[in-house]
Amino acid sequence: MAYVATRGGERAIEQAERLFRDDLGVIDRARVDALRNGLPYLIDRVMGEASLYEPDLAALALAQAGGDLYEAVLLLRAYRTTQPRLAVAEPVTQPDLFTMRRISAAFKDIPGGQILGPTLDYSHRLLQVGVLSGRDYRPDAVEPAAVPAPATQPSLAAWQKAQALIPDHPVEAVAPDDIPDVTREPLLFPASRAHKLQSLARADTGGALALGYATMRGYGSVHPTVNELRLAEAPVRLRHPRGTIFSAGRVRVSQTEVISKATTGLELGFSATFGWNEVKVIAAATLDLASNQPNPHPASNEEFVLYHTEPVESSGFCIHFKLPHYVTFQSSLDALRRVKADRKATTTAPKMERQPKKEEAVL
């Protein structure tokens, strides 16, 4: 692949950027707040794919990018690289999560119970067109339950492990500084468990859905069932240099376990990410489970999945084709012209009359 440097046209380039920004108008705090408060699920998606939990910055990135998700993720990831790493949070397990929604498609009755939480899963999807005519849409108020659900819930997988339904893998103790970090280290294959889950956590939602959907439809060897899906807030606990553990707040997280029957029993696939994004974690957990199978289809092959669901690299490679490819394209044109010229020369050359061989002349 070869490029040529683009020279000149600085004024045109500057004006092109001004045209883009002129369409967006003035970006002020009110616009950022409106995006943050009005589009929380979009903010969650940007934070998850950017590996940075900061709703204000995610809203600002969306405002600057005019709603272009890939540009917003790129902006946020670029900002992230400028920030120092101050500390590593303490590990969080499922019983630590302040759970707002918890469902299971595998069992009706699960330890701790199911919590529907905020969802449109069982609702009609109707566009409120009256808003465009000036009639505000005001949703009905939520009626509090007589008995509120517990803030925390036990782990369903822990109960299944106690029932010997799924294998119980020992927990490995790893020092905080030794935890693999895919944001600072290259992704190598076979990928470590940490790198695999981190890559899926910040994968492109659309990419994970496309490959996960292909796996679910039969291009994989697993038939997933949602074992447990949670939308929750995870506590961020830090260790003070003197040893005291203190709370630094909470972050919205979503996590899913999918389960499937294997030859030796039941197997789990897992995924978690920043923000509330059910589609992504279900698809990613399915890909996690499918990629553990022997001879997986390319749609669930670990290397194929992790490389092609990376949003910044894939979008960057796609749009790089807008760059000048004059050298390579001219080379292709020259080759095409030579082939046409050679073919024309061959078809227009005078044909030589066939001379009989000596044996034919004697006969």
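**Close-up views of a predicted chain**

**Figure 1. Side-chain contact of Gln114 with the backbone of Ser104.** The side chain of Gln114 comes to 3.1 Å from the backbone nitrogen of Ser104, a polar contact, that is, a pair of N or O atoms within 3.5 Å in which, within protein, one must be able to donate a hydrogen and the other to accept it, residues adjacent in sequence counting only if both atoms are side-chain atoms. The model is predicted, so local features need pLDDT of at least 70 and side-chain atom pairs count only at pLDDT 80 or more, whereas totals for chains, interfaces and linings use all residues. Residues are numbered from 1 along each chain as its sequence is written, and side-chain values use heavy atoms, with hydrogens and water left out.

**Figure 2. Surroundings of Gln114.** Gln114 is located in the loop between β1 (98-103) and α6 (156-162); helices (H or I, at least four residues) and strands (E, at least two) are DSSP runs numbered from the N terminus. A polar atom of the Gln114 side chain also lies 3.0 Å from the backbone oxygen of Lys108. Leaving aside residues up to four places away in sequence, Gln114 touches Arg102, Ile103, Ser104, Phe107 and Lys108, a contact being heavy atoms within 4.5 Å. With a relative accessible area of 34%, Gln114 is partly exposed, the class between buried (under 20%) and exposed (over 50%), for a 1.4 Å probe and protein chains only. Asp68 is 46 residues from Gln114 in sequence, and their C-alpha atoms are 36 Å apart.

**Figure 3. The loop residue His325.** His325 belongs to the loop between α11 (311-319) and α12 (326-348). Its relative accessibility is 19%, so His325 counts as buried. A polar atom of the His325 side chain is 2.6 Å from the backbone oxygen of Leu323.

**Figure 4. Helix α3 and the residue that follows.** Within α3 (residues 40-50), the buried residues are Ile43, Asp44, Val46, Met47, Gly48, Glu49 and Ala50. Ser51 comes after α3 and has a positive phi, near 60 degrees.

**Figure 5. The chain as context for the close-ups.** The chain contains 13 helices and four strands. Its radius of gyration is 29 Å, well over the 21 Å given by the globule rule for 363 residues, so the chain is more spread out than a compact globule; the radius is taken over C-alpha atoms, and the rule is 2.2 Å times the number of residues to the power 0.38. The C-alpha trace spans about 110 × 60 × 55 Å along its principal axes. Of the 363 residues, 31% are buried.
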